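I opened my notebook to look up a few things in this structure.

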Amino acid sequence: MLPKKLGVVLFQFPPWFVPSRAAFDHILECAERLRGLQLAVEFRNRTWFDGDRAAQVMAFEREHRLAHVVVDEPQGFASSVPALWEVTCPHVAIVRFHGRNTDTWDKKGLSSSGERFNYLYAAAELTGLAEKVRQLARKAKSVHAVFNNNFGDYAQRNAAQFRQMILGL
């Protein structure tokens, strides 16, 4: 029996997972194996959203009730995907805040994965992001905001700021 507290299972696909019929079939197989659970999909290769493919991916996620993961991350890299602020599942929307550090995003030889996410969001950036999250909340039953800028205590600090902005504290 599955725990009733389990809300969403996140599939974060690697940068080498590129769009193809086999890739779409693999996502469906994941959903089938976890039938009864809500799945969320995060891509890490920009080709999933090149040109007309973005609309195809959003339609695929909607058709199969997969939650699209909105990402805030540095742009301009093969592993960067655009932030598409769309709800593909009425139950839940997920936003992951990776930070915007272009110097470390694809840097090799870092001493820890946390160095890649060495970015503390400024209050003005969080204010703009909070408004976008509010827009998602108008379309989804719940929205999960996950701070992955896990260098030092940056995620905790930004999450606390963000909470105050969202709740109007």
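Predicted model: local features only at pLDDT ≥ 70, side-chain atom pairs only at ≥ 80, totals over all residues.

A disulfide is a covalent bond between the sulfur atoms of two cysteines. Why is there none at Cys-30? I checked its sulfur: the closest cysteine sulfur, in Cys-89, is 16 Å away, so it is too far for a bond. I then started from Cys-89 and came back to Cys-30, again at 16 Å and too far. A pair would need its sulfur atoms within 2.5 Å.

**Buried or exposed?** I looked up both cysteines. Cys-30 is buried, with a relative accessible area of 9%. Cys-89 is buried as well, at 0%. Over the chain, I noted that buried residues make up 41% of the 169 residues.

**Build.** I noted five helices and five strands. From the N terminus, I read their order as β-α-β-α-β-β-α-α-β-α. The radius of gyration is 16 Å, close to the 15 Å of the globule rule for 169 residues, so the chain is as compact as a globular protein of that length. Along the principal axes, the C-alpha atoms fill a box of roughly 40 × 40 × 35 Å. I also checked contacts with a separation of 6 or more: 73% of them join residues 24 or more positions apart.

**Pocket.** What volume does the largest pocket have? I wrote down about 170 Å³. Its lining includes Leu-28, Ala-31, Gln-38, His-64 and Arg-65. I sorted the lining residues into six nonpolar, three polar and two charged.

Notes: Residues numbered from 1 in each chain as written. Heavy atoms only, no water. 1 Å grid on protein atoms, 1.4 Å probe; cavity = no way out; pocket = protein on both sides within 12 Å on 5 of 7 lines; lining within 4 Å. Points joined across faces, edges and corners; volume = space filled by probe spheres on them. Nonpolar A, V, L, I, M, F, W, Y, C, P; charged D, E, K, R; others polar. Buried < 20%, exposed > 50% of the residue type's maximum accessible area, 1.4 Å probe, protein only. Helix = DSSP H or I, 4+ residues; strand = E, 2+ residues; numbered from the N terminus. Rg over C-alpha atoms; globule rule 2.2 N^0.38 Å. Contact = heavy atoms within 4.5 Å.
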